[in-house]
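Reader: Before I use this model, I would like to know what stands behind the labels attached to it. Take me through them one by one.

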Amino acid sequence: MNKLYIFLKYFFIVVWTVFVVAPFLWALTTSFKDFQSVNGGVTYIPWVDFEPNLEGWKVLIKSPAKGGVDIIEPYFNSLFVTCTASLISIILGTLSAYALSRYTFKAGFVKNNDITFFFISQRIMPPIVLSIPFFLFLSSINLLDSLTGLIVVYIVLLMPIAVWIMVDFFNKVPREIDETALIDGCNPYQAFLKVVLPNSIPGLIVAGMFCIIFGWIDFFFAFILTFTEVQLLPVKIVALNSSVTPWWSLSASALVSVAPLIIVAFIVERYLSKGNLSGAIK
Amino acid sequence: MDLVANNLSYKPDDQYHLNEVSFNFKEGNLYTILGRTLSGKTTLLKTIAGLLTPDSGEIEFDGKNFLKVPVWERNVAMVYQQFINYPHLNVFENIAFPLKQRKIDQSIIKEKVMDALKSVGLLGYENRKIQELSGGQQQRVSLARSLVKNAKILLLDEPLVNLDYKLREQLREEFKNLFSKGLADETILIYSTTDPRETMELNGEVIVLDEGKILQVGPAKEIFENPNSLKVAEISNDPPMNIIEAKISDNQIRFEGIDVEAPQHLSKLTEDGLKIGLRSSDIELNENGHEFEVELAEISGSETLLHLKRGDTKIIVSIEEVLNFKIHDKVKINFKIDRAYAFHADGKLASSPFGGLNG
């Protein structure tokens, strides 16, 4: 019985691993193929089935003049915009969430829950609805086709996520902890920074992860709000597509664009496995 | 340094949480706030701490308007009924937190924290995580954190209520020792509880609170002997005092077809609507007594609580041994009637076996 259990356990682990890893391996091998190897029947193993070459990768760094699509600058643009917007969203979102969780706001019929819903409702609308006001807004303040403009728009998109996650998190942190900090001589800012925030790291990590993911994968707004001066990675990758689909360079760009998310996932997983996400607050 | 409150009221919704509360607490004394759940005990403590601002009224401490001092400058300490500590800090850091906040020298902090750990019996635990401690130990940590500050006002909000029976007994003993050890010399200790037994054991000045109103103030003994009203008698006894509607005439107390000879302190009360109060421990089983029917028998610890009924009169009797009864059993009981209280129809104390409020 026990042996069967162990066998089944490892069996499913192996099956699941193959299921998860296979697409990456496939993308990796494909990125080293040429037209012939992709279209000439099924090939898997480099040097045996096909002769690997670096053409797919070279396209990504060659300048357009030499027939390539230079993704290096868009890549760093994307990293910069995502990280900056996520950081600002987390800071603003956490502060708003703390206020919404601890203080009572009232303006006519508008109360705390309505304000929280207002934040979340920003994500209910389909992007296309938002694109027109965003476009007009950015053009009126001369920030179309700029990194700053994109950061502003991404903050609007990401902050609701941070607020939503953190309000819920702060509501689970007992108020008595803040009160004890006040009694122990902290002013309200110190109570937040020295006591509430250190106990909210798990929530901050989850919120940060979601912000980074949603910022990094956005194509739509990056496409609508930028033209020539500034480009982000997802938009640039689409530019790869021509009359003959270049599977090799698409695979290579898929791998480089998924890499930051995998790194984020590993960091969070490390943190999770240390057991730090649970038990901080009883 | 006195803590004086004048007509504190707090009414956040339809109900008063505090209703015209006034008191004068003196340093070096222990004050026990006794009241049922939701009677306003926590509200009162939070108001003293500064976490709540009353709608009206004043608090003065050391002659200064306390309401103008923010919480973090009040130098109070508070222990909550939930075991509140800082989960991200270990035991030592938790206790050191209020001292670090005051920017005290590191070596002095260490010395003081160790002293506090010693006085709550947690030496050797300083590097533990809070989550690794039991409930009783967590509560000791928060007690140590409140002791280490040398606060002028120490607030304990039902500190034992979430602990199991044995720990509660043990920690209550330790509290009594701590309080009597001169800690209290220049501290105002305010302890809130729902438990009459705890109140009597702590033996401080008792404030009976109900629906945000102070019903009676006095030493524990005085509250026990001469509760000034039916409500206080109910709140300050566990199980609550039995209340029997009776008539007194011809020197006899009459109810449910029973005649009991009235003791001297009750014999002259012949008014209508009189209520007789008798503690559950002042009724005993007796072969020659009056017959009652068992409604419920609970065994709690080493005593049995009998819920009895005769006609419309329901009473609770506590017996100092474990006995088994069935529902609808008939039992015979006797009243130690010379220990009975009498209350007027409006609930005010009419007569007490201890001589009444001025006796």
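Author: Two strands pair if DSSP finds at least two bridges between them. The model is predicted, and in it I253(B) has V260(B), in β14(B), as its bridge partner.

Reader: What makes β13(B) and β14(B) a pair, and in which sense do they run?

Author: The cut-off is at least two bridges. Strand β13 (residues 252-255) of chain B and strand β14 (residues 258-261) of chain B have four bridges, in the antiparallel sense. They therefore meet the definition of a pair. β13(B) and β14(B) also form a hairpin with two residues between them, and E256(B) in the turn has a positive phi of about 50°.

Reader: How do you know that β16(B) pairs with β17(B)?

Author: The same cut-off of at least two bridges applies. β16(B) and strand β17 (residues 303-310) of chain B run antiparallel and are joined by seven bridges, so they count as a pair.

Reader: What makes β16(B) and β19(B) a pair?

Author: Strand β16 (residues 283-300) of chain B and strand β19 (residues 330-335) of chain B share seven bridges in the antiparallel sense. At least two are required, so this is a pair as well. F335(B) in β19(B) is the bridge partner of I283(B).

Reader: Why is N142(A) called exposed?

Author: N142(A) has 10, so the label applies. N142(A) sits in the loop between α6 (127-140) and α7 of chain A. Its phi is positive, about 60°, although N142(A) is not a glycine.

Reader: Why is D250(B) given the label exposed?

Author: D250(B) has 10 other C-beta atoms within 10 Å, and the limit is 12 or fewer, so D250(B) is exposed. This residue lies in the loop between β12 (247-249) and β13 of chain B. Phi of D250(B) is near 50°, a positive value in a residue other than glycine.

Reader: What makes the bond between D238(B) and P239(B) a cis peptide bond?

Author: The value to look at is omega, which is about 0° for the cis peptide bond joining D238(B) and P239(B). P239(B) is in the loop between α8 (230-235) and β11 (242-245) of chain B.

Reader: What makes a set of residues a nonpolar core, and how many residues has the largest one?

Author: Members must be buried and joined through C-beta atoms within 7 Å. The largest nonpolar core has 147 residues, and those with the most contacts inside it are A162(A), L155(B) and V208(B). Helix α7 (residues 147-172) of chain A gives the most to this core, with 16 residues.

Reader: How do you know that chain A touches chain B?

Author: Contact needs C-beta atoms within 7 Å. 17 residues of chain A are in contact with 18 residues of chain B. Helix α8 (residues 175-183) of chain A supplies the largest share of the chain A side, six residues. That side divides into nine nonpolar, five polar and three charged residues.

Technical notes: Residues numbered from 1 in each chain as written. Chains lettered and ligands numbered in written order. Predicted model: local features only at pLDDT ≥ 70, side-chain atom pairs only at ≥ 80, totals over all residues. Contact = placed C-beta atoms within 7 Å. Nonpolar A, V, L, I, M, F, W, Y, C, P; charged D, E, K, R; others polar. Buried ≥ 20, exposed ≤ 12 C-beta atoms within 10 Å, placed from the backbone.
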